[in-house]
Amino acid sequence: MKKLTLIITAILIFCGVLFGINHELNAKTSADGQRVLNIYNWGDYIDPALIKKFEHQTGYHVVYETFDSNEAMLTKIKQGGTSYDLAVPSDYTVQRMRKAHLLVKLDKRRLPLLKNIDQRFMNLTFDPGNDYSVPYFWGTLGIVYNDQMVKASQVQHWSQLWNPQFKNQIMLTDSARDMLAIALIPLGYSVNTTNKTQLDQAAKRLDQLAPNTKAVVADEIKMYMEQDEAAVAVTYSGEAAEMMANNTHLHYVVPSEGSNMWFDNWVIPKTAKHRKAAYAFLNFMLEPKNAAQNAEYIGYSTPNKAAMKDLPASVRNDAQFYPSRETVTHLQVYKDLPLKTIGDYNDLFLEFKMFKK
Amino acid sequence: MKSKTAYLTPYFLWIALFVIAPMALILYQSFFSITGHFTFGNYEQYLSSGVYLKMTVNSIWYAFIITVLALLVSYPTAYLINHLKNKQLWLLLIILPTWINLLLKTYAFIGLFSQNGSINDFLRFVGLGSHQILFTDASFIFVATYIEIPFMILPIFNALDELNPSLVNASRDLGASAWQTFRRVIFPLTMPGVKAGVQAVFIPSLSLFMITRLIGGNRVITLGTAIEEHFLVTQNWGMGSTIGVILILAMFVVMFLTRDRKNKGGQIR
């Protein structure tokens, strides 16, 4: 009994000390009062050197937190436990957050550098007039292939994935809308379709892809492709860029018949406490030099037109990440669909995953 | 009397807040459709769609295999450890891996099983050629069993440890063979440990989710995967809760089947 009391006391003292240290650390960050900026971004989605530079230039202290899915981020912002000053939702999530009144309307007069953004990427359906969001990066959905196992000509179009030669060779991304999109596009339907017959038709087609499907995974797709685990993968351009940096045998294709085009965007949530700092950071990131440095570090496509000339020509002219105007016209942006339809997409995708080879 | 209830108050509060309330909330949520209307539709969909029933059967089947395999490995191991000299040390070595994060262990298996992993390297070296190990049912069951084994060994070890050795000696003195002693004395007396182990392994196995994706490549879909998806991706909390209710029911069934029967004397025969 005595021993037990001793142990418990020791644990309590230890916890007390930890609590004290924690308090001390927190006090340090908030000691600067308003000089703080809370950023909520995807994991590894900014050049850390830029945060340092921003802190150095402006004296703000940046608290950087990360999330791994739009939904997780949305849930956390809705609950409002932590107040973030900036967050980075994707296109359809911007639309959803806007509808749920979770965002602050941007004061464009405080964003003089917004003019650097390419007009092609402004005023899109998910945020008309860019009243609530500033484009951060954009990209596509496409096919990654390993040139040791597959010839380029074999993977130029979505329909080629159904070719029996790829039996048990393809890795898919675990995302209902993206995977139904690759079945919808060859059928000539919109990736935003709410028509149940079209969806069922696409789902049936997707089920036929099951024999070729090796696995349906998420972030791990990068690791697997880098290790030559599979010949072909369907994934986002950003992920592809990272894979290709680590394995020179990998290449990325955006099928010319069309694909999804996505955007990640800066927004200011309603709960933001340091708006001045948020605007300062947005302008900082819109500066061509910084945008270019960030794009080079992340490897995603920047919507910042002014930054393009600061990028090396090999990046700027890379059709894999800056596809031709012709291809871009065939790309479709996701719209936030009615809940009922989202439910249909997910049910059909779940059925596909349950579909045995 | 009064002081006794006072002592129990924290306990009841704890149970009410952290056991009963969450379960009630799950039950409540399961009656709402994705658009937020009260409905029995989730249960209807669960019972009629075929997808969910198939998933349930799959999950139970996988959980059953994992539990049986874990038991087959754990009982002899626990028995052996109990007869070793430094048994606490050996037990510690068994428990040690549970201190490592589940995901790290799973990633280690990816390194072993992948096309260019150690196992395929070895297979190629001995001339058997490389094989697809990842994303198969076998690899999923192997990893899940590996992860659950410590939770099976511990209760069995404790039961064996508490077993009065004089009972075993008496059995041997009275002429029972080693096998008879095990079957008639040791095994029945350690049954509570086995039951606790089955409880500790079967229920979590039903709701495994990260391993189904990382090792099973989502070719193995369990109820846990579906719940994760409904809560995080689909935002269909109603359906997720409905599956949660099913899991809670499954838990009660397992607890009932493995309960300690009252008439302890009659059990050993």
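## Annotated spans of chain B

UniProt positions are given here in the numbering used for this structure, feature names are shortened, and annotations may be inferred rather than shown by experiment. The structure itself is a predicted model. In an unreviewed entry, the UniProt annotation "transmembrane region" covers residues 12-40, 60-82, 89-113, 133-157, 196-216 and 236-257 of chain B.

Two of these spans can be described further. Residues 133-157 of chain B are 84% helix and 0% strand, with 32 Å between the end C-alpha atoms.

## Overall form of chain B

Chain B contains 14 helices and zero strands. Read from the N terminus, its elements therefore run α-α-α-α-α-α-α-α-α-α-α-α-α-α. Along the principal axes, the C-alpha atoms of chain B fill a box of roughly 75 × 70 × 35 Å.

Chain B has 269 residues, and 29% of them count as buried. If one takes the contacts in chain B between residues at least 6 apart in sequence, 69% join residues at least 24 apart.

## A pair of helices in chain B

Two packed helices are described by the angle between their axes and the distance between the axes. In chain B, the axes of helix H2 (residues 41-48) and helix H13 (residues 237-257) come within 9 Å and cross at roughly 60 degrees. The crossing of H2(B) and H13(B) is right-handed.

On the side of H2(B), the contact is made by Asn42(B), Tyr43(B) and Tyr46(B), and on the side of H13(B) by Gly238(B), Met239(B) and Thr242(B). By class, the residues of this contact are three nonpolar, three polar and no charged.

## Where the chains meet

Between the two chains, 21 residues of chain B are in contact with 22 residues of chain A. Three helices of chain B each supply at least two residues of the side that touches chain A: H3 (51-83), H11 (210-214) and H12 (223-234). H12(B) gives the most to this side, with four residues. The side of chain B that touches chain A is made up of nine nonpolar, nine polar and three charged residues.

## Chain A: domains and an annotated residue

The domain assignment divides chain A into domain 1 (1-28), domain 2 (29-137 + 263-316) and domain 3 (139-261 + 323-354). The centres of domain 1 and domain 2 of chain A, taken over C-alpha atoms, are separated by 39 Å.

UniProt lists Tyr92(A) under "binding site", again in an unreviewed entry. Tyr92(A) is found in helix H4 (residues 91-99) of chain A. Tyr92(A) counts as buried because 21 other C-beta atoms lie within 10 Å, and the cut-off for a buried residue is 20 or more. Leaving aside neighbours within four places in sequence, Tyr92(A) is in contact with Phe126(A), Tyr334(A), Lys335(A) and Asp336(A).

## Positive phi angles in chain A

His101(A) is a residue other than glycine with a positive phi, near 55 degrees. His101(A) is found in the loop between H4 and strand E4 (134-146) of chain A. With 8 other C-beta atoms within 10 Å, His101(A) is exposed.

Asp228(A), also not a glycine, has a positive phi near 60 degrees. The loop that holds Asp228(A) is between helix H7 (220-226) and strand E7 (232-236) of chain A. Asp228(A) is partly exposed, with 16 other C-beta atoms within 10 Å.

Methods: Residues are numbered from 1 along each chain as its sequence is written. Chains are lettered from A and ligands numbered from 1 in the order in which they are written. This is a predicted model: local features need pLDDT of at least 70, side-chain atom pairs count only at pLDDT 80 or more; totals for chains, interfaces and linings use all residues. Two residues are in contact if their C-beta atoms, placed from the backbone, lie within 7 Å. Ala, Val, Leu, Ile, Met, Phe, Trp, Tyr, Cys and Pro count as nonpolar, Asp, Glu, Lys and Arg as charged, and the others, Gly among them, as polar. Axes are lines fitted to C-alpha atoms, for helices over the stretch in contact, and angles run from 0 to 180 degrees between N-to-C directions. A crossing is left-handed if the near helix is turned anticlockwise from the far one by less than a right angle, and right-handed if clockwise. A residue is buried if 20 or more other C-beta atoms lie within 10 Å of its own, exposed if 12 or fewer, and partly exposed in between; C-beta atoms are placed from the backbone. Domain bounds come from an automatic or database domain assignment.
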